[in-house]
Amino acid sequence: MEDLKKIAKEVRRDIVKTLLEAGSGHPAGSLSMTDILVALYFGIMHHDPKNPNWKDRDRLVVSNGHTCPALYSVLARSGYFPIQKLKTYAKLGSPLQGHPEREKLLGIETTSGPLGCGLAQACGMAWAARLDNSHFRVFCTVSDAEHDEGNHWEGVLFAAKYKLSNLTLIVDRNNIQIEGHTEDTMPLEPLKEKYIAFNWNVLDIDGHNIAAIINAVNEARKVDDRPTVIIVHTIAGKGVSFMEDKSEWHAKVLNKEEAKLALSEL
Amino acid sequence: MINKKFRSIRDGFGEALVEVGEKNKDVVVLTADLKESTRVNLFAEKFPERFIEVGVAEQALVTIASGMAAEGKIPFTTSYAVFSPGRTLDQIRTTIALNNVPVKIVGAHAGLGAGPYGSTHQALEDITIMRTLPNMVVVVPCDFEEAKKATKEIAKNKKPTYLRLARQESGRVTTPNSPFKVGRAEILRQSKNPQVAIVACGVMVYEALVAAKELAKIEIETEVINCHTIKPMDERTIIRSAKTTGAVVTCEEHQIDGGMGSAVAEILSRNFPVPIEFIGVPNVFGESGKPEELFKKFKMTSKDIIKAVKRVLLRKNSV
């Protein structure tokens, strides 16, 4: 577990450097997603960086595609591509697009960015896996603000109807969105109770505890009659004091001094 | 029950889909609460394990299909064209076209065929929307037999594809033996010395043939092209025909702006500019009424095509 914490620290440093180099991107969500992605790639999912299209790999749909600086770092540190490539993020000709694209980078299951579309795609994958009698699991990460989107709730209904127990949804509950706090922009609470009412299995955990995330996913594996959602309570901008819980850092560009300060804290 | 004598475009789709399902176990069908009227009930009865009802949720319809296609399935999604692709443009753009996965988006009741339901249900913008998406194939069959062939062929093309289906019963234009290939326009009527090319798609192909027959009686010879594939359009046939005739009339059950006629005009203005007249809806919304009444209102009958041919001839001859 100490190893995974170390990796998460490196990933957070990568995010700061990547965003500084690009002069573009989404720091707050990338930092809140870090522990979730490290847990998935280093402690949960069956996958093979040398064979990204391995048929039996677990699938991950990152519906909140704007957090891809974290995803790219985790992919690089898993061995999908060299870490130096992170410098090309969002630059012309790079496979590391500003929002992730399946056709540009091996290891990306689906293109994302426009919010609210990921869960339904993950549902399609989970349904297809069941039809084919495949045993891989489908994971989907979503931001909390994505719950404003109707398309997301259509997926919530569908997963419950077809009892997609091979599907695990992970909500990055960091409480912020572009305009401010989620509960001011469009209140989501009681979120847990909403999922319970929609016939999902619901787990509610601390998001910056990698062991807790891995344990929760293992709990989800035991449930075979409905999909599971893990509401992961995170802090936007986690690890950088001046960004934590600040919605203005949703998509703000770091300057050199800020990056230096951030790296000194990480 | 299907009328054996005069079967509709959507019946052709529904029947062919069963054949496609028999041949290929990867074919799955999703609908958004419109099983019966999009004719996928036949598939659902035969292959219940490969049929998915998503409820009145068009955004989920296409995004779930995208996920299935990523796993090697060939999903056909059905709804009315006003809802999908009408409502689902963003989802189709990102999760199907940009992902480049072989989802077949089937838009039924396209055009004015939803008549009495009014403009809310008359999809007149869908060709424009879909033909601008990179990777997307767009096919508009003209009758029952062509809908069957189109359905079977797009199931195999491995590409994101939009299949546009009219609701009304069209006149019969093709037979089981008529040639059909996505991307190749068919010249349905030829003459020794054609003066105008009439390029049409969907139910307008029949109207174009009726017009051509009438025009022949007054010694105006035309060439009628069934341009069932809007994208990729058969540029060679369109250019060759413009060179032969020197004037074109385009006919579609769709807004003129950005539709099939626009695609023809883009090709000709780049390669061989000739006068063009456009038959279609002139950038206004429809309204409730019988389809035939609406076709008259928007000057889209065979009589209107005859007038357009005469207009384009005047322009051609005054150059």
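## Ground rules

Residues are numbered from 1 along each chain as its sequence is written, while chains are lettered from A and ligands numbered from 1 in the order in which they are written. Because the model is predicted, local features need pLDDT of at least 70 and side-chain atom pairs count only at pLDDT 80 or more, whereas totals for chains, interfaces and linings use all residues.

## The two chains at a glance

Let's start with chain A, which has nine helices and seven strands. Helices (H or I, at least four residues) and strands (E, at least two) are DSSP runs, numbered from the N terminus. The radius of gyration of chain A is 17 Å, close to the 18 Å from the globule rule for 266 residues, so chain A is as compact as a globular protein of that length. The radius is taken over C-alpha atoms, and the rule is 2.2 Å times the number of residues to the power 0.38. Along the principal axes, the C-alpha atoms of chain A fill a box of roughly 50 × 45 × 35 Å.

Chain B comes to 11 helices and 12 strands. With a radius of gyration of 19 Å, close to the 20 Å that the globule rule gives for 319 residues, chain B is as compact as a globular protein of that length. The C-alpha trace of chain B spans about 60 × 40 × 35 Å along its principal axes.

## Helix H2 of chain A and its partners

Helix H2 (residues 27–44) of chain A and helix H3 (residues 68–78) of chain A have axes that come within 8 Å and cross at roughly 30 degrees. That makes H2(A) roughly parallel to H3(A). Axes here are lines fitted to C-alpha atoms, for helices over the stretch in contact, with angles from 0 to 180 degrees between N-to-C directions. Angles under 35 degrees count as roughly parallel, over 145 as roughly antiparallel, 65 to 115 as roughly perpendicular and the rest as oblique. By class, the contact has eight nonpolar, three polar and no charged residues. Ala, Val, Leu, Ile, Met, Phe, Trp, Tyr, Cys and Pro count as nonpolar, Asp, Glu, Lys and Arg as charged, and the others, Gly among them, as polar.

H2(A) also packs with helix H8 (residues 210–221) of chain A, at an angle of about 60 degrees and with the axes 9 Å apart. That makes H2(A) oblique to H8(A), and the crossing is right-handed. In this contact A:Asp35, A:Ile36, A:Val38, A:Ala39, A:Gly43 and A:Ile44 of H2(A) meet A:Ile210, A:Ile213, A:Ile214 and A:Val217 of H8(A). Eight of these residues are nonpolar, one is polar and one is charged.

## Domains of chain B

The assignment for chain B, from an automatic or database source, gives domain 1 (9–166) and domain 2 (186–318). Their C-alpha centres lie 26 Å apart, and 24 residues of domain 1 are in contact with 28 residues of domain 2. On the domain 1 side, helix H5 (126–131), strand E5 (137–139), helix H6 (144–154) and strand E6 (161–166) each supply at least two residues. That side has 13 nonpolar, seven polar and four charged residues.

## Where the chains meet

The contact between the chains takes 22 residues from chain B and 25 residues from chain A. On chain B, helix H3 (58–70) and helix H4 (89–98) each supply at least two residues, and H3(B) gives the most, with nine. This side of chain B has eight nonpolar, 10 polar and four charged residues.

## Backbone details

Two cis peptide bonds are worth a look. One runs from A:Glu189 to A:Pro190, with omega near 5 degrees, and A:Pro190 lies in the loop between helix H6 (182–185) and helix H7 (191–197) of chain A. Another joins B:Lys231 to B:Pro232, with omega near 0 degrees.

Notes: Contact = placed C-beta atoms within 7 Å. Left-handed = near helix turned anticlockwise from the far one by under 90°.
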